[in-house]
Amino acid sequence: MKTVLSNRTINKGMKAVPACLFCLVLTTFLTATASKAAGFTNSLGMRFVTVSGLSNVQFCVWLTRVQDFRAFVSDRANNGGYEYTNGTTPWIVTSNDSAHVTFEYGWNNPGFPQRDNCPVVCVNWYDAHAFCSWLTRKERAEGKIAANQTYRLPTDAEWSLAAGLTGERGGTPAEKSMNIKDVYLWGTDWPPPPGAGNFGGEEAKDKDWYPPLRVIAGYNDGYPRTSPVGRFAPSRYGLYDMAGNAGEWCEDIYRDVPHLRVWRGSTWNCVWPGNLWLSTRGFDVIDTRNSNVGFRIVLASGSKE
Ligand SMILES: [Ca+2]
Ligand SMILES: [Ca+2]
């Protein structure tokens, strides 16, 4: 990880009996409002909540899990011919070091054991898009979501808002990266307080860890690689793993070349304070698969894409 994190370097509706048209309209409005506030659970059991300042987007509280991605890969009749081995071979990250390996590795074998409820990793930006397209088609057909609702990756700006990061300056994600210093998801303390997230703590230094690399002294989260989603303190909006566990692809170009895409939210192998600042962006080539990067999806309204 260099400046930035590059793996190469480094609830129910209301019930009422309306007595008039006004009451009917009001009841409908309140029901919709209550449902939205309570969140939405999709056909895969992924839970979505609203974020202050984003009226048309709901964020999944979890990173996309292995079990979610498996549902996509397994649905051969409807997944658009998704073929994992058409992409680049994956990078298996052992710490801040990484190695290119064969297709023996991948989303279902990232070089360490994965539980079904751990975040899927070794997925590139195209894989994440293919998952979103599949899920949108599937749930529109099932009537689970409306015709104007779409699953997609968050934008870089949406991700910042969801993380509670405001006041950023700069145009591109590259210009914004690391501009707000020493601000973490949990505040400004270093090292992280217990239970803050899954990072490169003392538990990470096992036989596969790159020997010269330090870990976060005095911090032990119990998970040397990925951890099941939802195990650590959530953000103010109830989103889990916004710091640590797996990195999260976003829609945006990192800077002026289209093949470099942003990812946010730090990873299980982050050990340097700057890597955990909320303003810090990661980036990678669009077809890169890393064992520390996955994705979080949003449900957007107002698009018929
Ligand atoms: Ca850890
Ligand atoms: Ca994360």
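Analyst: Let's begin with a term: two strands pair if DSSP finds at least two bridges between them. Strands themselves are DSSP runs of E with at least two residues, helices are runs of H or I with at least four residues, and both are numbered from the N terminus. This is a predicted model, in which local features need pLDDT of at least 70, side-chain atom pairs count only at pLDDT 80 or more, and totals for chains, interfaces and linings use all residues. Residues are numbered from 1 along each chain as its sequence is written, while chains are lettered from A and ligands numbered from 1 in the order in which they are written.

The protein chain has six helices and 11 strands. Five of the strands make an open sheet, and its order is β1-β2-β3-β11-β6, with antiparallel pairing. At the two edges stand β1 (40-41) and β6; each has a single partner strand, so one side of each is left without a neighbour in the sheet. As background, strands of a sheet pair through backbone hydrogen bonds, either parallel or antiparallel.

Now walk across the sheet from β1. This strand runs antiparallel to β2 (residues 47-51), and two bridges join them. You can find T41 opposite R47 in β2.

The next step is from β2 to β3, an antiparallel pair with four bridges. Here F48 has C60 of β3 as its bridge partner. This pair is a hairpin too, with two residues between the strands; G53 in the turn takes a positive phi of about 95°. From β3 the sheet continues to β11, again antiparallel, over three bridges. Look for V57, which stands opposite A300 in β11.

Next comes β7, which has two pairings to inspect. With β10 (residues 293-294), β7 pairs in the parallel sense over two bridges. With β8, β7 runs antiparallel, joined by three bridges, and a hairpin of six residues connects β7 to β8. E248 is a handy landmark: its bridge partner in β10 is G294, and its bridge partner in β8 is R264.

How covered is β7? Five of its seven residues are buried. A residue counts as buried if 20 or more other C-beta atoms lie within 10 Å of its own, as exposed if 12 or fewer do, and as partly exposed in between, with C-beta atoms placed from the backbone. Over the 305 residues of the protein chain, 44% are buried.

A nonpolar core is a set of buried Ala, Val, Leu, Ile, Met, Phe, Trp, Tyr and Cys residues joined through C-beta atoms within 7 Å. Among the 59 residues of this one, F59, V123, A128 and W249 touch the most other members. The elements giving two or more residues to this core are β3 (54-60), α2 (66-74), α3 (125-141), α4 (156-162), β7 (247-253), β8 (260-264) and β11 (298-301). The most, five residues, comes from α3.

Two residues are in contact if their C-beta atoms, placed from the backbone, lie within 7 Å. Leaving aside residues up to four places away in sequence, A128 touches V123, L153, W249 and F295.

Finally, check the backbone around α3. Most residues other than glycine have a negative phi, and most peptide bonds are trans. C122 has a positive phi of about 60° although it is not a glycine. You will find C122 in the loop between β5 (98-100) and α3, and C122 counts as buried because it has 30 C-beta neighbours inside 10 Å.
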